[in-house]
Amino acid sequence: MIHARKLSRTFTRKRGKERVDAVRGLDLDVEAGTLLAFLGPNGAGKSTTLRMLTTLLPPTSGTATVAGCDIARDPDGVRRRIGYVGQKNSASDHHRVRDELVAQGRAYGMTRARAGERADALLDRLDLQELANRTPTTLSGGQRRRVDIALGLVHAPELLFLDEPSTGLDPHSRAEVWNFILRLREESGMTLFLTTHYLEEADSMAERVVIVDRGRTIADGTADELKSELAGDRIDLGLRDAADAERARGVAARFSSEAAAAPDPSPAPAEPADTTVRIPVPNADTALPELLAAMEGAGIKVATARGVRPTLDDVFLALTGRSLTEEEPTE
Amino acid sequence: MTVRTESLAPAPVPARSPAASFVRDVATVFTREITPSVRDPLGMLLTMGQPLLLLFFFGPLLGGVGAGGGDGSWQWFVPGVLVMLTLFGPMMAGYNLLVELLGGAMERMLVSPMNRTAMLIGRALKEFAVLLVQAVLIVLLAVPMGFELYPLGLLAGLLLLAVFGVGLGSLSFLLAMKSAPSGELFYGVTQLAVFPLMLLSGVLLPMDFGPQWLQTVATVNPVTHIADAMRALFTGSFTDPSIAWGALSAAAVAAVGLTLGTRAMRKGVGV
């Protein structure tokens, strides 16, 4: 559905004196029917990539075909096949919701009657019927977001781009938006390409996660793959005293997926209480019983034991030494 | 659960013939732009106040400065007011575009397959529609005061203003796109441009009494030629050479505006 090769975009600011390489040689292949989450800190090039793939911005160099059409040679073909829900609200403040939906249908070549039918169907599907004749200024954030999604779906695209669809919404509206996105996907098999900075959303909803940083792809796979390949599991053991902890570290060294299990090699959190032992392992679920048996065999009493799965933030941290969540959007 | 036959499943949008879709896209954008004014005409009614003020508070003063002289002053003044309204309306049209650019509405339309030039024309024509209503109102009120109506000349004059308005509107849209996100450039340049363009065109006062240098500056102002052409047309003349110059000026402004505006959209706009 999407094939991008060496896609790059350079912005020049201050009369050409300052060059910003927003996207540098990005390669990407997305199969039809995938739900892909595009992750990265602010300024990583997510939005710029999205704007190139949706023909809003021509690339400085590189090529991409989207929905079978070349973004540079046949932007019109791309536009007819894709939908886009931007970060900002797609409906204008002074236009009625239904009027905007009809106008959007007309923009895609529907007759007035067909555009009207389609508008009503989408109002119905997104539970917006009662807001049809209201203007967006009178709607809540969640309602406006639903209008945006409806506008992106007017022409039933085969590929839908969503830029931060759940940002700025309260938890209830976020859940509602996600609910709809997942249902939409199940029903229509539409390919969905979305950016988000909510890591847990990408983790639980997307089949494929692509992480970008400084204009390049730095990781690509399912959330589980990324986590086990790039961050790995961990077992936290709680012991009764420091002496036990020291002995436990010795035993644990055999299980560790890293050279030295003790002391805690991960740089992230401050050194935990010295009665805690952290052991990086390839798979926490299978390692935990074995580890406990080994402790038992060595005569060490384990007070608490916990298998810890890494988060996508751990993946980003492992790759870049920085945390994704440190760079919360400031908007 | 609601049961609906309407499917969300992908259905490809068919390609259309370029010419037919161009006209459609102009119509789509125009209709979208004008719908809020039709639904809530109060704003539109208020814009009618401006020409009325000019007509009643400024028009009578012209007799005193000998513009056109005596009864002919309405023949001179009415087309001038219409040119001035064209300067204000379409010139400010970019403001709406700026707002939609800062929101997400413009982006949403740019992702659609609509023709970019058609999007500029559709928007500019909405401003012209407002102007058209103002023009009808002015003419209707001026006739009892001594304005002599030449229907063909009036039609030709309005057509000239439509072309000029589309060009001016496109330039205003271009400026709005270039000035996003702050918009300062837009406000600055429009404020800076609108008064010299107006004052140096003789729309409100005749240039004939000005010093030579002022008259020379006026001849490079396209608005001067459009105002001269309008005045000729409003006296029923179709042979005056000023009409050709006016038409040329209007066409040039439209060509430059549409070319630059379309190119700016292709290069990518946004914040």
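1. A residue is called buried if 20 or more other C-beta atoms lie within 10 Å of its own, exposed if 12 or fewer, and partly exposed in between, with C-beta atoms placed from the backbone. The model is predicted: local features need pLDDT of at least 70, side-chain atom pairs count only at pLDDT 80 or more, and totals for chains, interfaces and linings use all residues. Residues are numbered from 1 along each chain as its sequence is written, and chains are lettered from A and ligands numbered from 1 in the order in which they are written.

2. Helices (H or I, at least four residues) and strands (E, at least two) are DSSP runs, numbered from the N terminus. In chain A, helix H8 spans residues 223-231, and its buried residues are A:Ala223, A:Leu226, A:Lys227 and A:Ala231. Viewed down the axis of H8(A), these fall within an arc of 95° and so line one face of the helix; the arc is that of the directions from the helix axis to the C-beta atoms. A:Asp224 and A:Glu229, on the other side of H8(A), are exposed.

3. Just after H8(A), A:Gly232 has a positive phi of about 80°.

4. Chain A has 11 helices and 13 strands. Of its 331 residues, 47% are buried.

5. For chain B, an unreviewed UniProt entry annotates "transmembrane region" at residues including 76-103 and 124-143; such annotations may be inferred rather than shown by experiment. Residues 76-103 of chain B are 96% helix, with end C-alpha atoms 43 Å apart. Residues 124-143 of chain B are 95% helix, with end C-alpha atoms 28 Å apart.
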